[in-house]
Structure formats: C-alpha cells, structure tokens
Amino acid sequence: MDFHFPDGFLWGVSTSAAQIEGGYLEDGRSPSIWDAFAEKPGKIQNGDTPFVACDSYHRYEEDIAQMVRLGVNSYRFSISWSRVMPEGTGRINQKGVDYYKRLLDGLHKNNITPNVTLYHWDLPQVLEEKGGWANRDCIEWFGEYAANMFRELGDVVPMWSTINEPIATYVGYAQGIFAPGHTDEKLGNQARHNILV
C-alpha cells in the first residue's frame, strides 16, 4: 500500500527557550523560575543550569542551517517571557523582542514555518515571587504578555500555541520535580486551575 502525506503537511522540530537559548541575563533578560530552580543544589543532574544551554541566543543562525539540512519545514519554539518582559508585566524589552524577530526572519527566509509557544514552563522569577501560577493574578499577567506578543510578532507568526503541557505546572507546584520546586498539593491544584483559566 502506498501512503502519501497530504500537501501542506508540516515536518517539524521543536524546542523550548529554557532548554536551548542560554543568554542568561543578556540584553535585559531577567531570571526565570528554571534559572532559580537550577541553582538549588541537587535539583538538576550534574548541577547543570540553563544559563548557556545550547547557546541558541547567539547561534540561532546555525540552528536554522541545521533545520535546512534536516529538511524540516516547520519549527516550534517558545518565547522566554523573562526576555521580552523582564518584570513580568509592564515594560517590553525591545532587545528581547528583536531577538525573536531576527529568528523569525531567518525562518521565513528559509521557508520554515514558525509555530510559537507562549509559555513552556519558564515563568519570570519576579512573578513567582508574587505567588506565580498559584496567584490568580497570573491569569491577567499572562493575558498582558500574550497580547504584547501578538501585537509585536503577530504579523510574522502564522501559528501560536498558548501553554505547553499545563500539567508541568502542577508538577512544579505540587511535586517539586519541576520549577519552581514547591511540594504543596493545594498550591499545585490552584496553579493548574489558574493556568487553564
């Protein structure tokens, strides 16, 4: 039997900002909950941190060249909320937004369709210090962030995803395995409720 993928089928790869970008505290970026979590002894194997990671912040053009060699036509990546809005709300960090504009421009020039995830587990630490996802205000914080990204990048992003695997927030607030590392069932349930709202 002969099977053919339909016209327009997207073969893609995906990443998350905290896992690949690096560029810790560069160009106005503030720490995320994963930066803070990784600094806690024993939380991450070998004491590794996302501070440099794959250095995609500086090497994104090489990453795009690798995608071209792979023959993919779509790339799903996430935006570091801490990079584009270092205080979590309010001011936009233009240098952070410009990084994503350069990345998106490179993808388009190479006929790779961007698929952008707004949140892949890396809440700005400044918002965690206000209660993070367990604080119902986080619903409004995320709404402001999302609206800013749609306004800044909406003309060049054809596909958006809101939240990657919301269950990870519960794991971070109730089980302590992921950032921010809390072990409170009530907190975890409130956090996952808020992230779904």
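What radius of gyration does the protein chain have, and what would a compact globule with 197 residues have? With that settled, how does helix α8 (residues 167-175) pack, and which elements do its buried residues pack against?

A: The model is a predicted one. The radius of gyration of the protein chain is 17 Å, which agrees with the value near 16 Å that a compact globule of 197 residues would have. Along the principal axes, the C-alpha trace spans about 50 × 45 × 35 Å. Of the 197 residues, 46% count as buried. Among contacts with a separation of 6 or more, 75% come from residues 24 or more positions apart.

The secondary structure consists of 9 helices and 4 strands. Their order along the sequence is β-α-α-α-β-α-α-β-α-α-β-α-α.

Helix α8 is the part requested. It spans residues 167-175 and is mostly covered, with 7 of its 9 residues buried. The buried positions are Ala168, Thr169, Tyr170, Val171, Gly172, Tyr173 and Ala174. These buried residues of α8 pack against β3 (113-119), α6 (125-128) and α9 (185-196).

Two packed helices are described by the angle between their axes and the distance between the axes. For α8 and α9, the axes come within 7 Å and cross at roughly 155 degrees. The crossing angle is over 145 degrees, and therefore α8 counts as roughly antiparallel to α9. The crossing of α8 past α9 is right-handed. On the α8 side, the contact is made by Ile167, Thr169, Tyr170, Tyr173 and Ala174. On the α9 side, the contributing residues are Glu185, Leu187, Gly188, Asn189, Ala191, Arg192 and Ile195. By class, the contact of α8 with α9 comprises 7 nonpolar, 3 polar and 2 charged residues. Thr169, Tyr170, Tyr173 and Ala174 take part in this contact and are also among the buried residues of α8. An α-helix has 3.6 residues a turn, so residues three or four places apart point the same way.

The backbone that follows α8 has two features to note. Just after the helix, Gly176 takes a positive phi of about 70 degrees. Further on, a cis peptide bond joins Ala179 and Pro180, with omega about 10 degrees.

Helix α3 (residues 56-70) and helix α5 (residues 94-109) have axes that come within 10 Å and cross at roughly 15 degrees. With an angle under 35 degrees, α3 is therefore roughly parallel to α5. The crossing of α3 past α5 is right-handed. Helix α3 contributes Ser56, Tyr57, Tyr60, Ile64 and Met67 to the contact, while α5 contributes Lys95, Tyr99, Arg102, Leu103, Gly106 and Leu107. This contact of α3 with α5 has 7 nonpolar, 2 polar and 2 charged residues.

Helix α5 also packs with helix α7 (residues 138-153): their axes come within 11 Å and cross at roughly 50 degrees. That angle makes α5 oblique to α7. Here too the crossing is right-handed, with α5 passing α7. The contact involves Gln94, Val97, Tyr100, Lys101 and Leu104 of α5, and Met149, Glu152 and Leu153 of α7. These residues of the contact of α5 with α7 divide into 5 nonpolar, 1 polar and 2 charged.

Elsewhere in the chain, positive phi values occur in two residues other than glycine. Asp27 has phi near 50 degrees and lies in the loop between α1 (17-20) and α2 (33-38). Its relative accessibility is 36%, so Asp27 counts as partly exposed. Asn46 has phi near 65 degrees and is placed in the loop between α2 and α3. At 68% relative accessibility, Asn46 counts as exposed, because the cut-off for that class is over 50%.

To return to the requested part, α8 is a mostly covered helix whose buried residues pack against β3, α6 and α9.

Note on methods
Residues are numbered from 1 along each chain as its sequence is written. This is a predicted model: local features need pLDDT of at least 70, side-chain atom pairs count only at pLDDT 80 or more; totals for chains, interfaces and linings use all residues. Side-chain values use heavy atoms; hydrogens and water are left out. Axes are lines fitted to C-alpha atoms, for helices over the stretch in contact, and angles run from 0 to 180 degrees between N-to-C directions. Angles under 35 degrees count as roughly parallel, over 145 as roughly antiparallel, 65 to 115 as roughly perpendicular and the rest as oblique. A crossing is left-handed if the near helix is turned anticlockwise from the far one by less than a right angle, and right-handed if clockwise. Contact means heavy atoms within 4.5 Å. Ala, Val, Leu, Ile, Met, Phe, Trp, Tyr, Cys and Pro count as nonpolar, Asp, Glu, Lys and Arg as charged, and the others, Gly among them, as polar. The radius of gyration is taken over C-alpha atoms; the globule rule is 2.2 Å times the number of residues to the power 0.38. Buried means under 20% relative accessible area, exposed over 50%, partly exposed in between (1.4 Å probe, protein chains only).
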